[in-house]
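Welcome, and thanks for taking a look at this one with us. Below is a short tour, from the overall fold down to a single side chain's surroundings.

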Amino acid sequence: MKSLVERRPEGLYCPVGNFYIDPWRPVERAVITHAHADHARSGHQHYLAHVDAAEILKTRLGSTISLQTLAYDEVIDLGGVKLSLHPAGHVLGSSQIKIVHHGQTWVVSGDYRIEADSSCQAFEPLRCDVFITESTFALPIYRWEPQSVVIEQISAWWQANAAKGICSVLYTYSLGKAQRLAMALPEGPVWVHPAVDAINACYRNAGRKVPPSACWRGEMKPPAGSLLLAPPAIADSSAISRLVGYEDASVSGWMRLRGIRRRRALDRGFVISDHADWPGLLWAIRESGAQKIFVTHGQVDVLVRYLCEQGLDAAPLQAVGWGEDA
Ligand SMILES: [Zn+2]
Ligand SMILES: [Zn+2]
């Protein structure tokens with residue numbers, strides 16, 4: 001079977017179509033699965049991505065980038081291969097990339113999440129011959145509770161803090177997780193860091209109903225009882241330390257690990273991820289019906305070994321430049 005996708009120093013490459021997928025070095029043509037920084041880098045000559053990712057990409061990479069957009073399921077011809085984008089359920093505009101050539105179908109998953117919510121289009125399992133899957137949380141300990149259960153926990157924590165007359169600070173990735181939380185949490189006074197505010201605007205412009213929030217600049221003091229959504233890098237900043245009374249918490253798949261919660265000295269940790277958990281990864285792989293599975297960034301060896309034990313043909317496809325977001 002001829003390789004439709006292979007690894008090159010610049011990133012994953014489709015030799016027939018002459019394009020790269022989420023390359024980590026500058027290339028002529030980059031197909032972008034989603035706008036997280038480790039997947040959408042600056043410096044490429046031409047970008048191709050889902051239409052809902054367009055404003056976020058331009059916000060992050062500059063308004064002058066050369067960007068072609070596609071809707072989901074729209075098929076284009078790139079150098080003789082048929083290429084289409086399909087929902088990955090990870091963040092707004094996140095896509096699995098399907099490549100068809102001479103009756104062979106390959107799918108590159110990008111980052112994906114199985115449980116659906118209203119913040120982006122739900123993951124769609126795809127049938128293919130070769131499935132290239134991520135493996136960020138590919139360990140059997142990673143099993144997510146339904147998002148609604150965790151949202152209840154976060155709401156109760158926020159309410160308890162409000163009753164004590166203090167603020168609640170949630171550290172969350174500014175693209176994807178922050179909007180997922182803002183849309184799922186009950187109404188209340190929500191403040192957001194400017195980085196979150198900018199992405200909220202992109203979501204609203206793409207038709208997603210992100211509730212109104214106040215933009216927090218460091219010198220302001222959100223009133224007691226407010227919830228503040230801010231990126232994790234803010235945790236040790238002087239702006240945060242100037243908040244008079246607050247409790248803080250992180251929201252991440254990594255919060256499943258007690259050691260990480262302790263090391264970060266947080267008051268609380270809540271487990272919501274933008275990625276598939278262990279059963280989710282196995283489900284997506286099974287649904288693909290693929291005869292060959294390549295595993296990229298994350299727990300590559302664990303997942304490859306497990307799939308091989310199940311009688312599947314799996315192998316690592318190391319993608320060194322990915323994996324900083326979760
Ligand atoms: Zn991502
Ligand atoms: Zn990633």
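Domain bounds here come from an automatic or database domain assignment. On that basis, the protein is divided into domain 1 (6–141 + 275–316) and domain 2 (147–270). Please keep in mind as you read that this is a predicted model.

**Overall fold**

- The secondary structure of the protein amounts to eight helices and 19 strands.
- Its radius of gyration is 20 Å, close to the 20 Å that the globule rule gives for 326 residues, so the protein is as compact as a globular protein of that length.
- Taken along the principal axes, the box filled by the C-alpha atoms is roughly 65 × 45 × 30 Å.
- Of the 326 residues in the protein, 44% are buried.
- If we take the contacts between residues at least 6 apart in sequence, 57% of them join residues at least 24 apart.

**The two domains**

- As the bounds show, domain 1 is made of two stretches, 6–141 and 275–316, while domain 2 is given as 147–270.
- A distance of 29 Å separates the C-alpha centres of domain 1 and domain 2.
- Where they touch, domain 1 supplies 16 residues and domain 2 supplies 16 residues.
- On the domain 1 side of this contact, you will find six nonpolar, six polar and four charged residues.

**Helices H3 and H4**

- How do helix H3 and helix H4 pack, and at what angle? Helix H3 (residues 177–184) meets helix H4 (residues 194–205) at an angle of about 70°, and their axes are 10 Å apart.
- From H3, the contact takes Ala178, Gln179 and Ala182; from H4, it takes Val196, Ile199, Asn200 and Tyr203.
- Sorted by class, the contact of H3 with H4 has five nonpolar and two polar residues, with no charged residues.

**Around tryptophan 283**

- Is tryptophan 283 buried, partly exposed or exposed? A residue needs 20 or more other C-beta atoms within 10 Å to be buried, and 12 or fewer make it exposed. Tryptophan 283 has 15 C-beta neighbours inside 10 Å, so it counts as partly exposed.
- Tryptophan 283 and isoleucine 114 are 169 residues apart along the chain, yet their C-alpha atoms are separated by 9.0 Å.

Key. Residues numbered from 1 in each chain as written. Chains lettered and ligands numbered in written order. Predicted model: local features only at pLDDT ≥ 70, side-chain atom pairs only at ≥ 80, totals over all residues. Helix = DSSP H or I, 4+ residues; strand = E, 2+ residues; numbered from the N terminus. Rg over C-alpha atoms; globule rule 2.2 N^0.38 Å. Contact = placed C-beta atoms within 7 Å. Nonpolar A, V, L, I, M, F, W, Y, C, P; charged D, E, K, R; others polar. Axes fitted to C-alpha atoms, helices over the stretch in contact; angles between N-to-C directions.
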